[in-house]
Amino acid sequence: MSTETTASVSTHILDTSIGRPAEGVAISLTARSGSAAEWVALGGSKTDADGRCKDLPALPEGTTHVRLDFETEAYFLSKHNDNKQAEAQQDAPRVRDSGAFFPEVAITFAVVPGEHFHVPLLLNPFGYSVYRGS
């Protein structure tokens, strides 16, 4: 939960190729306090059956930038058979090795103290998009 001196972050993932939440995706959280500061690993979690990651670590006071790293390759490997039907419906060529063109997705964004930042990931084997949610 954010306070007046810290921000908070949450996320969820929807696998748009199957129209369902992406369960079991590992997510790591890093932060820094200023553009020139070093990134500090804070920890991570995995998405639940609803595609939500409810237990990301709290951000330290003074955090100005956050990075969420989504390990998508393992998810798509586990879902490879399910995705064959979705891939067959697309014009994009199949990715032969992992079933995912993007083996990981890294999203970096700025935060301000006192605000909550919800960053949903809309994911499919050949693309993704993110936005600041509510």
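Mentor: A salt bridge is a side-chain nitrogen of Lys or Arg within 4 Å of a carboxyl oxygen of Asp or Glu. This is a predicted model, in which local features need pLDDT of at least 70, side-chain atom pairs count only at pLDDT 80 or more, and totals for chains, interfaces and linings use all residues. Residues are numbered from 1 along each chain as its sequence is written, and side-chain values use heavy atoms, with hydrogens and water left out.

Trainee: How many salt bridges does the rule give?

Mentor: One joins Asp-50 to Arg-52, with the closest N and O atoms 3.2 Å apart. Another joins Glu-115 to Arg-132. The count by this rule is three.

Trainee: Which residue forms a salt bridge with Lys-54?

Mentor: Lys-54 is exposed, at a relative accessible area of 68%; exposed means over 50%, buried under 20%, and partly exposed in between (1.4 Å probe, protein chains only). The closest N and O atoms of the bridge are 3.8 Å apart, and the partner of Lys-54 is Asp-48.

Trainee: How many residues apart are Glu-115 and Arg-132?

Mentor: The closest N and O atoms of Glu-115 and Arg-132 are 3.1 Å apart. Glu-115 is in the loop between strand S7 (105–110) and strand S8 (116–118), while Arg-132 is in the segment after strand S10 (127–130). Helices (H or I, at least four residues) and strands (E, at least two) are DSSP runs, numbered from the N terminus. The pair links distant parts of the chain, and the separation in residues is 17.

Trainee: How many aromatic pairs does a search of the whole structure find?

Mentor: Rings of Phe, Tyr and Trp (its six-membered ring) pair if their centres lie within 6.5 Å; planes under 30 degrees apart count as stacked, over 60 as edge-to-face and the rest as tilted. The search of the whole structure gives a count of four.

Trainee: Why is the pair of Tyr-75 and Phe-76 edge-to-face?

Mentor: Tyr-75 is buried at 3% relative accessibility, and Phe-76 is buried at 1%. Their ring centres are 5.1 Å apart, and the pair is edge-to-face because the planes stand at 65 degrees.

Trainee: Which residue lies over the face of Trp-39?

Mentor: A charge sits over a ring if NZ of Lys or CZ of Arg is within 6 Å of the ring centre and within 35 degrees of the ring normal. At 4.1 Å from the ring centre of Trp-39, the residue is Arg-67.
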